[in-house]
There are 2 protein chains.
Amino acid sequence: MDRKEMTQRIILPEPTLRRLPWYLSYVSMLRWNGVEYVSSTQISKELSVDASQIAKDLSFLNIKGKTRIGYEVASLERGLQDFLGFLKKHNAVIVGTGSLGAALMADSGLHNYGLNIVAGFDINPTVIGTTISGVPVFHVDRLEEMRVRLKAEIGIVTVPVENAQAVADYMVAAGIKAIWNFTPFRLKVPEGIVTQNTSIYAHLAVMYNRLGSQMTVKK
Amino acid sequence: MDRKEMTQRIILPEPTLRRLPWYLSYVSMLRWNGVEYVSSTQISKELSVDASQIAKDLSFLNIKGKTRIGYEVASLERGLQDFLGFLKKHNAVIVGTGSLGAALMADSGLHNYGLNIVAGFDINPTVIGTTISGVPVFHVDRLEEMRVRLKAEIGIVTVPVENAQAVADYMVAAGIKAIWNFTPFRLKVPEGIVTQNTSIYAHLAVMYNRLGSQMTVKK
């Protein structure tokens, strides 16, 4: 195992993992605009993150900036994509192929970030046996069998909130190691199972409240 | 203006606004399972939120629990939906009708949470003049005109990361008051403009890292 591979085994603090994609998106924009070098001071100013924090975060990548010149934009972009796992395929299954589930299956953008949705699961007989955006849909009873066959470790939960916990339990029993929860339900999972919550509706609630547009109440 | 309407003008702390949807999803599940009453202690245990915090959060809603019985589940669910603005229509426009944008336009689930996407905008001539999931797509030059006509205050950003800031600036100039950013780019907006970041890719990065599956590196 070379040095680079060792580095990537490190379990990073979550705040660092959340900041690295910001740096990535910023350097992608710079590269797109033909910029060749960027300093941590410049990144700091643009993203309102302390420059020493940026240097510390980037030190995990084994990428060094040059004195007075800074980081080479193209290498930094590639290094971040690589380090964040976006250049590798990660197989995932999705349970709940309704509106949001089908939307995620159709979102080829996820592919660019390394997510490969290999199968969908549902209990609705009208979708079982069909494909959605080229992804086959199975009865949820076949989750474990197909998960093993397709080597998927990530499970995406896009079912109604009432079924979220039951589906998460079922995923864990089927050998899923990471659950990406799109419902607002706070899932309980055994230790060692990774969960990430993408709380779309909480974001809506914040916007509505800040806009003050829920003044009049529909009964 | 009655007491209830006044309450809803309150600008709530963001952590409270993020917790209220958890309570909502939990009571929705309870109602679905035929449960009639729930105590803050029970909610606390299920969601790992301090019971006094829950009582404080719910006090904003003007909903009182009964001693020893707790909150009536159906009223609490309705009260939360109402308070969070999910029962009212909020018009939104979306800029970037590619993969993720089109997915959100197709996601009827957002409707259930009060989001009404009324128009899409793009620069791609092959989509301009078409409809996606029944939503018309216009050239981005017509953003201000259509935003005013359709009374939309929310702008959803689903463009490539390189264009995210330019689109946000353009939205603000067109009178958008709240920006829902699906790109990993950290947008800069003037004071008074609400932004919410749904950082899908940061969540992927955390999962990949925790899974340790980026050990081997594809060059």
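Reader: Before we get into the sheet, when do two strands pair?

Author: Two strands pair if DSSP finds at least two bridges between them. Keep in mind that this is a predicted model.

Reader: Fine. In what order do the strands of the chain B sheet come?

Author: The order in chain B is β5-β6-β4-β3-β7-β8-β9, which makes 7 strands in an open sheet with mixed pairing. At the edges are β5 (131–132) and β9 (194–197) of chain B, and each of them pairs on one side only.

Reader: Let's walk in from the β5 end. Do β5(B) and β6(B) run parallel or antiparallel?

Author: Antiparallel, with 2 bridges joining β5(B) to β6(B). Among the bridge partners, B:Thr131 goes with B:Pro136 in β6(B).

Reader: And what's in the turn there?

Author: β5(B) and β6(B) form a hairpin with 2 residues between them, and B:Ser133 in that turn has a positive phi of about 50 degrees.

Reader: How many bridges join β4 to β6 in chain B?

Author: There are 3 bridges between strand β4 (residues 115–122) and strand β6 (residues 135–139) of chain B, and these two run parallel. B:Phe121 has B:Phe138 as its bridge partner in β6(B).

Reader: In which sense do β7(B) and β8(B) pair?

Author: In the parallel sense, over 4 bridges. There, B:Gly155 has B:Ile179 in β8(B) as its bridge partner.

Reader: Over to chain A. What's the strand order there?

Author: In chain A the order reads β5-β6-β4-β3-β7-β8-β9, again 7 strands in an open sheet with mixed pairing. β5 (131–132) and β9 (194–197) of chain A are the edge strands and have a single partner strand each, so one side of each is left without a neighbour in the sheet.

Reader: How many bridges hold β9(A) to β8(A)?

Author: The parallel pairing of β8(A) and β9(A) runs over 4 bridges. A:Trp180 stands opposite A:Gln196 in β9(A). On to the next pair, strand β7 (residues 154–157) and strand β8 (residues 178–181) of chain A also pair in the parallel sense over 4 bridges, and A:Val157 stands opposite A:Asn181 in β8(A).

Reader: Switching to helices. Which residues of α9 in chain B are buried?

Author: In helix α9 (residues 164–173) of chain B, the buried residues are B:Ala164, B:Gln165, B:Val167, B:Ala168 and B:Met171. Seen down the axis of α9(B), they fall within an arc of 160 degrees, so they line one face of the helix.

Reader: Why would residues a few places apart point the same way?

Author: An α-helix has 3.6 residues a turn, so residues three or four places apart point the same way.

Reader: What does that buried side of α9(B) pack against?

Author: The buried residues of α9(B) pack against β3 (90–95), α8 (143–149), β7 (154–157) and β8 (178–181) of chain B. After the helix comes B:Gly175, with a positive phi near 100 degrees.

Reader: What sits over the ring of B:Trp22?

Author: The charged end of A:Arg186, 3.6 Å from the ring centre. Likewise, the charged end of B:Arg186 sits over the ring of A:Trp22, 3.6 Å from its centre.

Methods: Residues are numbered from 1 along each chain as its sequence is written. Chains are lettered from A and ligands numbered from 1 in the order in which they are written. This is a predicted model: local features need pLDDT of at least 70, side-chain atom pairs count only at pLDDT 80 or more; totals for chains, interfaces and linings use all residues. Side-chain values use heavy atoms; hydrogens and water are left out. A charge sits over a ring if NZ of Lys or CZ of Arg is within 6 Å of the ring centre and within 35 degrees of the ring normal. Buried means under 20% relative accessible area, exposed over 50%, partly exposed in between (1.4 Å probe, protein chains only). The arc is that of the directions from the helix axis to the C-beta atoms. Contact means heavy atoms within 4.5 Å.
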